[in-house]
Amino acid sequence: MRIATWNVNSITARLPRLLAWLESSGTDVLCLQETKCTAEQFPADALREAGYESAVNANGRWNGVALLSRVGLSDIVLGLPDGPAYETAQEPRAISATCGPVRLWSVYVPNGREVAHEHYAYKLRWLEALRKAVAADAAGPAPFAVLGDFNVAPTDEDVWDAALFEGATHVTPAEREALAALRAEGLSDVMPRPLKYDRPYTFWDYRELRFPKNKGMRIDLVYGNAAFTAAVGDSYVDREERKGKGASDHAPVVVDLDL
DNA sequence: ATGGCCTGATCTTCAGGA
């Protein structure tokens with residue numbers, strides 16, 4: 001089966017490309033982030049016509065995550081148990097479900113904005129809540145993975161110019177240690193192949209011609225447990241989907257599983 | 001040499017993204 005994760009930067013704006021990509025890629029399960037819609041606005045009918053069930057955690061113009069599946073969708077959980085609030089409310093940044101043989105989380109980790117910003121402390125709290133939420137499944141025998149926009153580049157190799165990011169969010173030791181703590185629960189970083197160039201970046205800012213210059217970052221990650229990673233046959237970043245008019249600023253990360 | 005974007009809502013301007 002083929003699963004994928006994709007920060008679509010508005011499912012409304014991306015719907016034509018999303019439907020075309022689901023068909024062309026043959027994806028069975030898709031983890032979505034930044035749907036930027038309310039639950040009511042989510043295009044569940046169009047997706048159902050394309051053959052996919054939807055599970056959605058979304059509440060407006062920011063954030064929003066979802067799972068699409070054509071191989072079953074059950075035991076849906078909205079949000080992180082005991083997840084931290086930002087300002088007054090919990091934001092829709094996580095959703096999990098069982099899709100055929102695998103249990104998955106689709107996550108949109110807070111950005112952090114600046115290291116001195118309250119959003120950065122919130123980001124670290126959120127990652128710790130994620131660790132606690134997935135620990136049991138990560139150590140379990142059944143195939144399990146956390147996929148999404150982690151908003152952290154795991155190593156300096158995951159940004160096009162590490163010096164440029166000195167002191168910025170996404171590369172700080174504390175953020176990377178939070179990822180290491182996740183891995184310590186039994187998860188491994190499933191490294192995708194790049195379809196071009198030497199590094200599998202997944203995000204290129206819209207500004208400053210970052211995509212044509214390949215000034216990207218690898219921040220969309222697939223963290224799988226032992227049973228999941230043992231089933232991985234191939235993984236790649238579909239950079240073709242970052243091209244052209246109407247593209248998201250993130251490309252899908254695809255994982256093929258022998259399950 | 002420099003700077004170059006996109007989205008949705010509060011809608012001709014802004015917050016947020018990373």
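**View 1. Glu175 sits in helix α4 of this predicted model.** Is Glu175 buried or exposed? Glu175 is buried, because 23 other C-beta atoms lie within 10 Å and 20 or more count as buried. Look for two contacts here. Leaving aside residues up to four places away in sequence, Glu175 touches Val152 and His170. Now follow the chain to Ala226. Ala226 is 51 residues from Glu175 along the chain, and their C-alpha atoms are separated by 23 Å.

**View 2. Helix α3 spans residues 118-138 and carries a kink.** How many residues does α3 have? The helix has 21. From first C-alpha to last, α3 reaches 29 Å, close to the 30 Å expected at 1.5 Å a residue. Where is the kink centred? The kink in α3 is centred on Lys132 and amounts to about 30°.

**View 3. Helix α3 has buried residues, and other elements cover them.** Lys123, Trp126, Leu127, Leu130 and Arg131 are among the buried residues of α3. Further along, Ala133, Val134, Asp137 and Ala138 are buried too. Check the spacing of these positions against a general rule. An α-helix has 3.6 residues a turn, so residues three or four places apart point the same way. What covers the buried residues of α3? The cover includes strand β7 (102-108), strand β8 (144-149) and helix α4 (173-183).

**View 4. Six strands form an open sheet with mixed pairing.** In what order do the strands stand? The order is β5-β6-β7-β8-β10-β9. Strands β5 and β9 stand at the edges, each with a single partner strand, so one side of each has no neighbour in the sheet. Leu147 has Val222, in β10, as its bridge partner.

**View 5. Strand β6 (residues 94-99) pairs with β5 and with β7.** Strand β6 is mostly covered, with 5 of its 6 residues buried. Strands β5 and β6 run antiparallel and are joined by 3 bridges. Antiparallel pairing also links β6 and β7, over 6 bridges. Which residue of β6 is the bridge partner of Val77? The partner is Ser96. Ser96 also stands opposite Trp105 in β7. Strands β6 and β7 form a hairpin, with 2 residues between them. Gly100 lies in the turn and has a positive phi of about 60°.

**View 6. Strand β4 (residues 65-69) is covered on both faces.** How many of the 5 residues of β4 are buried? The count is 5 of 5. Val65, Leu67 and Ser69 are buried on one side. Ala66 and Leu68 are buried on the other. Strand β4 pairs with strand β2 (residues 29-33) in the antiparallel sense over 5 bridges. In that pair, Val29 has Ser69 as its bridge partner. Strand β3 (residues 53-57) also runs antiparallel to β4, and 5 bridges join them. Here Ser54 is partnered by Leu68.

**View 7. Asp75 and Asn214 each have a positive phi.** Most residues other than glycine have a negative phi. Asp75 has a phi near 50°. Asp75 lies in strand β5 (residues 74-78). Is Asp75 buried or exposed? Asp75 is exposed, because 10 other C-beta atoms lie within 10 Å and 12 or fewer count as exposed. Turn to Asn214, where phi is near 55°. Asn214 is in the loop between β9 (188-189) and β10 (220-224). Asn214 counts as partly exposed, with 15 C-beta neighbours inside 10 Å.

**View 8. Asp161 and Lys215 are 54 residues apart in sequence.** How far apart in space are Asp161 and Lys215, C-alpha to C-alpha? The distance is 7.9 Å. Asp161 is found in the loop between β8 and α4. Asp161 is exposed, with 9 other C-beta atoms within 10 Å.

**View 9. Residues gather around DNA strand B.** Which of the 20 residues around DNA strand B come nearest? They are Ser10, Thr12, Ala13, Tyr206 and Glu208. The residues of the surface near DNA strand B divide into 6 nonpolar, 8 polar and 6 charged.

Conventions. Residues numbered from 1 in each chain as written. Chains lettered and ligands numbered in written order. Predicted model: local features only at pLDDT ≥ 70, side-chain atom pairs only at ≥ 80, totals over all residues. Helix = DSSP H or I, 4+ residues; strand = E, 2+ residues; numbered from the N terminus. Expected span 1.5 Å × (residues − 1). Bend = angle between axes of the 7 residues up to and from the residue. Contact = placed C-beta atoms within 7 Å. Near = placed C-beta within 6 Å. Nonpolar A, V, L, I, M, F, W, Y, C, P; charged D, E, K, R; others polar. Pairing = 2+ DSSP bridges.
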